[in-house]
Each structure stands twice: as C-alpha cells, then as structure tokens.
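Thanks for coming. I have one structure to show today, and I will keep it short.

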Amino acid sequence: MTVTIRPYEERDWADICRIHDAARLDELGGAGLLDAYLRLEATYENEGLFDDDVWVAEVDGRVAGFIAGSPGEITWAYVDPALYRRGIGRTLVQHVLDRATGPVELEVLDGNSARAFYEAMGFVIETTTTGKLAGNEAFQATGHTLVWRPAAVSG
C-alpha cells in the first residue's frame, strides 16, 4: 500500500468531512465526550481548519486522511477509521515533521488512544490543562500538549 501526500484541494471537502466525522467519534469516545460531537461542517470555520496548510493522504487514488497546521504546530490530524494502523497517520505526521525547522506541538484529549501513537513518534507531554473543548466550548475537557523536537545536529 502506497500513501501519497498532497496539498488539499476543494474537491477533497466531502472526503475530509467523512473522515473527520467518523474519526472524531473515536477521539471523543476515548475521552468520554461523545455528547460534544459536532460535524466538521459545523466547526471548521471557528476552529480555523484552513488558517494554515492542509494536506491529504491518498491510498489508491482515494483520500484516506488529512493533517493541518503550521511549521510549529499540528492542529488537525484524522485518518479514515477503516484504514487505522496502516501507516497513514504516521506518513501524515512525518510529512509535517520533515518540514519542521524547530519544535512541533499538538494537543490530544486525555483518553485519546492517539496519544500513544504520537509518543511513539517522539512527542513528549509538555503540559496538561483542563478547559473548554475546542470546537464545542459548552463542554470541558482535559488535554495534553505534546511536543516533538528535532534531534540535535552534532558537529
């Protein structure tokens, strides 16, 4: 299976909505926050999905996941649940890390199984906070800020 990463295009909208909406249920379920679920169409503007770069992963010509953020932060990362554990998430995250010029941070909800994935990729917990859930501020959530730092270059 070959995973190809390319920039998001408008034609990808229905696919990233489908992927986000399915994977967000897993994310919120692990955190005990299923009641906070909102579809991507209801949250993407307030959460600034398109404020930074958005990349999609394709497998066999089909969108399988997406990631968004800036050089120092991953703000969105979702993979089609039917394709979990096939290297798609790793390829998306590595795409961002390969372009990083310094530390990269992200937020993960407490109880989200993705935390172990990020830690396996070299991210470490920097802080843990409790506050309003991004995307549905009517709910309170605990989240961890994880940071990846590039290896020091030896001279």
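This is a predicted model: local features need pLDDT of at least 70, side-chain atom pairs count only at pLDDT 80 or more; totals for chains, interfaces and linings use all residues.

The protein chain contains 4 helices and 7 strands. Along the principal axes, the C-alpha trace spans about 50 × 40 × 30 Å.

Of the 155 residues, 42% count as buried. The chain exposes about 8,500 Å², and carbon and sulfur atoms supply 47% of that area. Now the contacts: among those between residues at least 6 apart in sequence, 64% join residues at least 24 apart.

Next, the largest pocket. It holds about 1,400 Å³ of space. Its lining is made up of 50 residues, and those nearest the centre are Glu-27, Ala-77, Asn-112, Ala-114 and Tyr-118. Elements that give two or more residues to this lining include α1 (13-30), α4 (114-120) and β7 (140-148). Which element gives the most to the lining? That is β4, with 7 residues. By class, the lining has 23 nonpolar, 16 polar and 11 charged residues.

Last, the glycine. Gly-61 sits in the loop between β2 (53-59) and β3 (62-70). Is Gly-61 buried or exposed? Its relative accessible area is 65%, and the cut-off for exposed is over 50%, so Gly-61 is exposed. Gly-61 and Val-3 are 58 residues apart along the chain, and their C-alpha atoms are separated by 9.3 Å.

Conventions:
Residues are numbered from 1 along each chain as its sequence is written. Side-chain values use heavy atoms; hydrogens and water are left out. On a 1 Å grid over the protein atoms alone, a cavity is a set of points where a 1.4 Å probe fits but cannot get out, and a pocket is an open set with protein on both sides within 12 Å along at least five of seven lines; lining residues have an atom within 4 Å of a point. Grid points are joined across faces, edges and corners, and a volume is the space filled by probe spheres set on the points. Ala, Val, Leu, Ile, Met, Phe, Trp, Tyr, Cys and Pro count as nonpolar, Asp, Glu, Lys and Arg as charged, and the others, Gly among them, as polar. Buried means under 20% relative accessible area, exposed over 50%, partly exposed in between (1.4 Å probe, protein chains only). Contact means heavy atoms within 4.5 Å. Accessible areas come from the Shrake-Rupley method with a 1.4 Å probe; for residues, only the protein chains shown count as cover.
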